[in-house]
Amino acid sequence: MLLAFDTSSAACTAALFDGVGACVARADEIIGRGHAERLVPMIAELMDGRAATRIVVGVGPGSFTGIRVAIAAAHGLAIGWGATLAGMFSLALLAAGSDTQDEVAAAILGGHGELFIQQFDGASVRPTSELHNAAPSAAARLASADLVVGSGAKQLVEARGWGEARDLWPSAANALRLPEGLRSLPPKPVYARAPDARVPEAV
């Protein structure tokens, strides 16, 4: 079984998949803060005594504390279960929930009033732009997709003056929608503070 979870945002989300990739259990809660207190009990409830052979954990970008909480929990569980461990790109997980076949921009609030933003093909969830970390006014010039999702969507669309903003949160139930390259990353944080950070190409 494969366990996927992400706490890079105000959401605490986890999902369990069987051997053929079907989601057999999921939990999605918007908790704001308190991931350290909620994540492990959520996973225990989800697993209901079962063990995973594979773990995929959200590695960011996003909340500094949330990312570290998830990765620490993932390492502990992997050791306890003897499971393999990989990271998944949290912005791609967000984009995967957009339910569009067209291009979509994922935008989340970062530090210092800036946004993390990257565009994806809605059908394949493959990146169509670089990952950027910029103020809303600059981010607005970097996003050409009509649909923008995430905690920073409203700010970006307002700064740009057009498009649809959707206040969407990542859901681990979409983990297997990500291309293999974006869910087989090293299980370490992606902070993306550089203005034009790179993530591995989706394969």
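This is a predicted model: local features need pLDDT of at least 70, side-chain atom pairs count only at pLDDT 80 or more; totals for chains, interfaces and linings use all residues.
A search of the whole structure returned one cavity of 30 Å³ or more. The space within the largest cavity amounts to about 70 Å³. Its lining includes Ser-8 and Ser-9, together with Pro-61. Ser-90, Leu-91 and Leu-94 also belong to the lining, as does Ile-108. By residue class, the lining of the largest cavity comprises seven nonpolar and five polar residues, and no charged ones.

Helix H5 covers residues 153-160, and its buried residues are Ala-153, Leu-156, Val-157 and Arg-160. These four residues lie on the same side of H5 because they cover an arc of only 95° around the axis. Lys-154 and Glu-158, in contrast, are exposed on the other side of H5.

The packing partners of the buried residues of H5 include both strands and a helix. Among the strands are S6 (103-109) and S7 (115-121), as well as S9 (147-149) and S10 (164-166). The helix in this set of partners is H4 (136-140). After H5 comes Gly-161, which has a positive phi, near 90°.

Technical notes: Residues are numbered from 1 along each chain as its sequence is written. Side-chain values use heavy atoms; hydrogens and water are left out. On a 1 Å grid over the protein atoms alone, a cavity is a set of points where a 1.4 Å probe fits but cannot get out, and a pocket is an open set with protein on both sides within 12 Å along at least five of seven lines; lining residues have an atom within 4 Å of a point. Grid points are joined across faces, edges and corners, and a volume is the space filled by probe spheres set on the points. Ala, Val, Leu, Ile, Met, Phe, Trp, Tyr, Cys and Pro count as nonpolar, Asp, Glu, Lys and Arg as charged, and the others, Gly among them, as polar. Buried means under 20% relative accessible area, exposed over 50%, partly exposed in between (1.4 Å probe, protein chains only). Helices (H or I, at least four residues) and strands (E, at least two) are DSSP runs, numbered from the N terminus. The arc is that of the directions from the helix axis to the C-beta atoms. Contact means heavy atoms within 4.5 Å.
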